[in-house]
Amino acid sequence: MEGSPAVSGEIAVDDNNLGLNPPPEMNPEEDNISQSNDENVGSPSVYNPQSPQNSPGSESSTNVRTDHMHRVSDLLMKVSIGAEPNKNKIIEQAIGAMEELIKMATMGEPLWQPHGDCESLNGLQYLREFAVFDATMEEIIRMVETSEHPCLPSLDCNNEFPSGSQTMPTSSLKLKFDPLHIEASRAVGFVNMNPINILELLMDSKQWSMTFYNIVSRATLLGVILHGDDGSYNGMLQVMTAEFHHCTPLVPARQCHFLRYCRKVAYGKWGVVDVSLENLFPYPQVRFRRRPSGCLIQEMLNGSSKVTWVEHVEVDNRSVHPIFRPIVSSGFAFSAKRWIAIINRHCQWLATTMATTTPTDAGVLISESGRESLLKLAESMTRNFFMNISSCTENLWMQLPVSIGADDIRFRFGKTLVFPGKPPTNTIIYTTSLRLPIPTKILFDFLRHGHSRNKWDLLSNNRVVREVAYVINGENPENRVSIMEVMSSLNQIEILYLQESFSDETGSYVVFAPMDFLAMSMILNGGNPNLAVILSSGFAILPDKPPELEDEEPVGSILTIAFHCADSLSTEEYIPIQTLQTIDGVLTTTAVSIKDAIIADWSIRK
């Protein structure tokens, strides 16, 4: 294996123009890992991944090309929404969903119960407010509230509900919903962007998926039912399909068809609501359904916006890996806070790209054109990282054979690199996740700092690493794009890394990619970042349980490690056993190195 994310396809590289060389050979430590494992494993010399395996904890790994199935369902949906009776049903459901969203976004207790910085939905109160039911259901609710009935009947999640009302109760009722589980959250944030620009991000499917790339892996506009009044977004009604992911293949992607409706609800106030269409167009099996979810956007006097976001979904979480189950089933992993954090990060990024100067630690200045190219390349690197390690249906993940490594390691093929005058080179993306009893902030600082990199990075082992230039994104100096130098013992530069690190209330991330000197020089001189081909690797750091449970015991971290490397030996039909051993060796060695170093540092601090 060589070098250090991506989807199937090819990347043509003109190394004469860019000064990009083929990815370097892996360092001797990695070669030794492969050789030592070779001696101990009585396995065939070639692994035949005829088709991706069903991986425990990853529903996206399947023997059927589910992306083909989704394209068929998209086509059927596109045909169905064209019928006039169906259009009327969609319009009716959109109006009902908007009314529910407005109430969900504006009502306080008892509908929403505060828990520290978070809120939880009161399922009984939700039923009273939005459900249509008879005296029997009223009696059931009364008995639940007074604890007179310890065992409640099971309700079928596939029952028909009135259009627009979406009366499925929440998990607070402790009823048995098999297999769908209810997640609900609400968050309020101030965004440095006017409402119309936010509406443009939400109502343009391409901008939406590009802006929210760390949660939206696939978005397709299937049709427009209603156009906005006088060319505005007011009254616009669309039908879309999308996949929502987290930064690991161990959490299955969530896919659904839904309507998106925008309406001006008051002067200077807009609403955008999504709601699934599976009730109108029944599916044989529903694993994810968006109940009325979205946001209210209130214009502020200074030109910014107050955004109230509501997430309310039904989802089958049975295939979520156990390590992620607490933060997924609680609703934290796909919470409303995450959506607002992404909008704010987008606004900060826009402001940073328009800044005129950027200081480095040496007091030097990167030119405006160089800063713009560097930021664009970093954005592309980070977007690729999220897309590459997600569980979207286009990412066909495989599990290492039991004889090779741990059962929580996943790998897949990435893009093919094509260098002039050289045979095409496949790339492989491989990842694993582990829990560490370390606060997320401590782990984030350890992984992003250059001075601790040589404690876990095989390519930086026993070498000096320093940050030579950076661009801060926003007010938090920890959110930055950096250029890292790895120096040899002879004080010569061996490796350059482009790195982006950032964090918010819902997670922290460190993304990096090695670059050669000529390519970095081209970028810093304002060269076209679209011509630079880099393979991004990195870390995603999440709390190991939702913040509202922090009082019970200290919150640790879930660390996801992902690498993207070139591999000239493997094909999609056959993978040499030494490649699989290297995957296991690199991930295991990196994980152990991080764990040993960070626990030692943490013990000293305490």
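I am working from a predicted model.

**Entry 1: the sheet**

I began with strand order. The sheet is open and has nine strands, running E13-E14-E16-E22-E21-E20-E19-E18-E17. The pairing is antiparallel. I then looked for the edges. Strand E13 (398-399) and E17 stand there, and each has a single partner strand, so one side of each lacks a neighbour in the sheet.

I next checked what packs on this sheet. Helix H11, residues 368-388, does. I listed its strand contacts: E14 (410-413), E16 (426-436), E17, E18 (480-487), E19 (493-504), E20, E21 and E22 (557-567). The direction of H11 makes about 70° with that of E19. Helix H13, residues 517-524, also packs on the sheet. I found H13 touching E18, E19 and E20. Its direction makes about 50° with that of E19.

I looked at one strand pair in detail. E20 (residues 507-515) and E21 (residues 537-543) pair in the antiparallel sense over five bridges. Within this pair, I found Val 511 opposite Gly 538 in E21.

**Entry 2: Ile 472**

I moved to edge strand E17. Ile 472 lies in this strand, which covers residues 464-472. Beyond its neighbours within four places in sequence, Ile 472 contacts Thr 352, Pro 477, Asn 479 and Arg 480. I also checked Phe 502, which is 30 residues away along the chain. The C-alpha atoms of Ile 472 and Phe 502 are separated by 9.8 Å.

**Entry 3: Arg 345**

Phe 502 came up again here, as a contact of Arg 345. I placed Arg 345 in helix H10, residues 336-353. Its relative accessibility is 14%, so I count Arg 345 as buried. Which side chain makes a polar contact with that of Arg 345? I found Glu 500, at 2.8 Å. Leaving out residues up to four places away in sequence, Arg 345 also touches Tyr 213, Thr 382 and Asn 473.

**Entry 4: Glu 183**

My last stop was strand E5, residues 181-191, where Glu 183 is found. The relative accessible area of Glu 183 is 4%, under the 20% limit, so this residue is buried. I looked for a polar partner. The side chain of Glu 183 makes a polar contact with that of Asn 317 at 3.0 Å. I then listed what else Glu 183 touches, not counting residues up to four places away in sequence. Among them are Arg 254, Glu 311, His 312, Val 313 and Val 315. The list also includes Val 328, Ser 329, Gly 331 and Phe 334.

Terms used. Residues are numbered from 1 along each chain as its sequence is written. This is a predicted model: local features need pLDDT of at least 70, side-chain atom pairs count only at pLDDT 80 or more; totals for chains, interfaces and linings use all residues. Side-chain values use heavy atoms; hydrogens and water are left out. Helices (H or I, at least four residues) and strands (E, at least two) are DSSP runs, numbered from the N terminus. Buried means under 20% relative accessible area, exposed over 50%, partly exposed in between (1.4 Å probe, protein chains only). A polar contact is a pair of N or O atoms within 3.5 Å; within protein, one must be able to donate a hydrogen and the other to accept it, and residues adjacent in sequence count only if both atoms are side-chain atoms. Contact means heavy atoms within 4.5 Å. Two strands pair if DSSP finds at least two bridges between them. Axes are lines fitted to C-alpha atoms, for helices over the stretch in contact, and angles run from 0 to 180 degrees between N-to-C directions.
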